[in-house]
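Reader: Could you show me how to read a few features here, one at a time?

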Amino acid sequence: MRRGFLASLLFAAAALAGCEKPPPEAFISTSKGEAGQAAAAVPVGNNDAGEACRYQLAAPGSTGVSSRRDALLYCGNWEEPSGRIFDLGDAGSTGGVGSVVASGTWRAYVEQRFACGAPSSTTFAGGSAQILTCTRRIGGWPHVALAADVGGHVFGADAVRPALPALQSALASLTGQAVAVAAPRSEAQRIIAERTVGGAFGSGDEGRYFQLTRLGDAYNNVDDPADAERSFREALAIQEKILGANDPGLALTVMKLAAQVAHEGNGAEADRLLTRAEQLAGKRPDALVQAQLNYYRAVTSAYEGKAQDALAQSQVAEQSFTRLVPDAVARAQAPARKAAPSPFEAVLSDDSASATQERTALSGLAEAIRLHATLLLQNGKNAEAVALGQRAEQLLRANGLAVSSTGARSLRLLASNQAIGGNFVAASGITTQATQVFETVVPGTHPDAESLLRQGAYQARAKQMSEARDSFRRAGEILSRPSYQGDVSVPPELVLPWLETLQATNAPAPEMFQAAQFGQSGQTAALIAQATARLVAGDPKVADAIRAYQDRKRDFEQLQGERDRAVADNAGADRIGAVDKRIEQAKQAQNEAEQAILAAAPQYLKAVEKPAGLDEVRALLGPNEAFVMFFVANEGSFGFVVRQGGTTAYPIPMRRLEIAQMINRLRDTTIVKPAGIPTPDFGVSYKLYSALFGPAEKQLQGVDRITIAANGDLLRYPLEALVTQANAKDDNGDYRKVPFLVRQAALTYVPSPRILVNIRQGRNASTASRSFIGFGDFQPATQAQLAASFPPDRCRDDLAALSALPKLPETRTQVTTIAQQMGGGTAVVGEEFTKQRLAQSDVGQYHIVLLATHAFLPDSLRCFSEPAITVSVPPRAPNADSEFLRTGDIDQLKLNADLVALSACDTAGSGAVGESLSGLARSFFRAGAHGLLVTHWPIVTGAAVPLMIGTFGSQGGARDSAQALRAAQLKVIDTAGSSQQAPVEISHPNYWAGFVLIGDGVRGGPGA
């Protein structure tokens, strides 16, 4: 399922977390309760966490409680109230404390926000009271609610548990009593202490939790799942620290985290998180939490591609929410009438601390309906989807929630249905309304830009070309703003109409080139752009500051994962507490490093995410070099050829699915099988070549080096193995005369133009002083060591596979030969090839690093959760853990290499559809590589050794890496059949085409 589909379904700030923040006037009043002036803050001592507290009078009625006057209690620096006090009147008018606790507007206010137990009679602030121990419906935080008769006034009040002393002092002050700054513990406090569990906390903890959940929702709202995940993980860590790992209040945060993890493709972890959420929710049955769980099951299933499961679950969620808001549903079904204006503040801010059950359930219902409609739309059931979309819109409008990102997305769905029916003018009009809402709700963000792109597409289909160009331009301005999020891409389907409109209106090439980049990048491009950004710094000290920030960010993320594992293992409080302390320290270090980088390297944001300009790319090209970018979408594709003297943009007559099918066919007929070596499908090969390069063959004349920017399926096959002539064929297994593209030019690959610009502009930053270091001939773990790391009861298949893993003695020859040829090179082989040796600082002094060994991707072994390469295991090691250099280990290497060569199997990770470069490749860029030599499939050692030796040759690694690889590949082809060691069979592309260059490597010419 594509990235953009459900990014919009994980609802905006208010969706299932609740959401009504009182308007500004509710917080300002005179001492007499008259609105318009700031009320004085009255000190009332400290809470149990030692934070200073004060209360402030507020305008009554903002929460629906019938009261004479209201007061808000604040503790510490938290911007939200720690408690609320309502003066309900005298005992005669209210019916007394017992009546207030049993029913009325105050009790309704409590029930909408908190889950409470039975009341207990006690004394409070010198008067009689009934007190309830509660938890917040959102967040599960311990809370207190009470009704008290103090000085003849009946008050209803609530507060977070630690604020109870300050609440008592505030009530005393409001009734004219002296405020005891250090009052002794009251009877009410004793009762609460006996009934509640959990660690001590202050307003800072709770405030940080709600800030993080709002931040996670906000990141989600701007389609930034990675940062949303981090926010929810940190919020969950705070909850667990205070409430414990098994408190039911954690359920919603765990659900949100599960959805984000599923969004990023980790379905296994998402399922585990949902199971945990279900277990937590079962400890304290609550209809709202169950409805939320049903919804998040549907969202997670949709992200995992389980469309039918998602459809059924969305309907279950819809029914669950409907039962919670019968009045809201009835209002939507009533005859239409002019709705009262709804203040933007009520829906633009997420005050989860005071969220109501009804508002939360109403937003959840609208989102469940919209998810249901979107799933139907994808299944071609347009009429049903239209009806559901209209129902969601009516539900929101009838209840004053239309002006929200939820409402705007419902409008977008209605517009989509109009477009399917061919009414593009109507679709444009409805999308314009949605855009206006997004510009108010989340201005200058992804949803705002995406709405403008949809608007432009409908305008173009309605032949409103000038208006369409303007909508696209405004979207481009938003997407071009550095936002420190890393990935500024949008779904290619939203960009294709932009490119088609620009081509139809003869727009200049730079505008098309920039537009294509917004739909051409992705998470891989964003991560590698971040990794290469420090190369642009120029000043080594600034580069070090950028590296420090990236390291601190990685440390923080790894600690979050460590805490998750500790909780899953039911670790003790001491272990989890120790991790919490390290998390706090890591977060502080990350924040400090971030400030340092922004001060020291103002160009960092541009190097991370801003699209590369056409002039930037041209300036870095040599006279015989071309830069080619391919943009691929579901309904069409475009190509761009950039030379020093000009740029050509052209449509490619192929859709994403057709390209994927052709790539699958080429891989299937190129890679050797157990039954033997297949015959390449040269018909498909030439068809793909003609589509990609045919329209620009004239512009590519005289070019001997091509850098290709592509992603997805086009990074799953080496394009140098395409044939450039029709009716190409082999001669009975002899491929020496086949016109492969490699005969015309050397090819390199980058996920985006920005990465090439970063690498080439950062050339002068390299301080490596030595030529070559190679690692090979790893020594595998013993059977006992493997069994200690891969227990037979859980990892039997992995243990068997690793036990049969062959040694690679040929790699000793490969590494030592290259080291000798390059004069002064270093060979590290056998028992010396360990994690510790790779981590030594001298490795950062080499221009070229070669790792000749085995590699594993996450799907290779069941008990592996990340990519890894094999290294030697010390003989006395207790287990086999040290045999695997994982991505986390690679991240911490301090490389400064023009080229890292991974002479192992399938290190590009390109066998699967989607983001094609594996985490292994990304980690080496993060570690400091400028270029990577990786493999598309398992390479026969007999072919890998001469290819590597031929690539590096005897010129000290000083020549162009792309041309060196090309020369080595051509030598393998042309010398096939010349000896027993080089049979004619190795002219087949299975043996030579698997190696590809990502990035730039060693390079001569401009930018060197």
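Author: Pro43 stands opposite Arg54 in strand 2. This is a predicted model, where local features need pLDDT of at least 70, side-chain atom pairs count only at pLDDT 80 or more, and totals for chains, interfaces and linings use all residues. Residues are numbered from 1 along each chain as its sequence is written, and side-chain values use heavy atoms, leaving out hydrogens and water.

Reader: In what sense do strand 1 and strand 2 pair?

Author: Two strands pair if DSSP finds at least two bridges between them. Strand 1 (residues 42-46) and strand 2 (residues 52-58) have three bridges and run antiparallel. They form a hairpin with five residues between them, and Gly50 in the turn has a positive phi of about 85°.

Reader: At what angle do helix 10 and helix 11 pack?

Author: Two packed helices are described by the angle between their axes and the distance between the axes. For helix 10 (residues 267-283) and helix 11 (residues 287-303), the angle is about 170° and the axes are 11 Å apart. That makes helix 10 roughly antiparallel to helix 11 (angles over 145 degrees count as such). Contact (heavy atoms within 4.5 Å) involves residues including Leu274 of helix 10 and Leu293 of helix 11.

Reader: Which residues of helix 33 are buried?

Author: An α-helix has 3.6 residues a turn, so residues three or four places apart point the same way. In helix 33, Thr811, Gln814, Val815, Ile818 and Ala819 are buried (under 20% relative accessible area, 1.4 Å probe, protein chains only). They cover an arc of only 120° around the axis, which puts them on the same side of helix 33. Just after helix 33, Gly823 takes a positive phi of about 65°.

Terms used
Buried means under 20% relative accessible area, exposed over 50%, partly exposed in between (1.4 Å probe, protein chains only). Helices (H or I, at least four residues) and strands (E, at least two) are DSSP runs, numbered from the N terminus. The arc is that of the directions from the helix axis to the C-beta atoms. Axes are lines fitted to C-alpha atoms, for helices over the stretch in contact, and angles run from 0 to 180 degrees between N-to-C directions. Angles under 35 degrees count as roughly parallel, over 145 as roughly antiparallel, 65 to 115 as roughly perpendicular and the rest as oblique.
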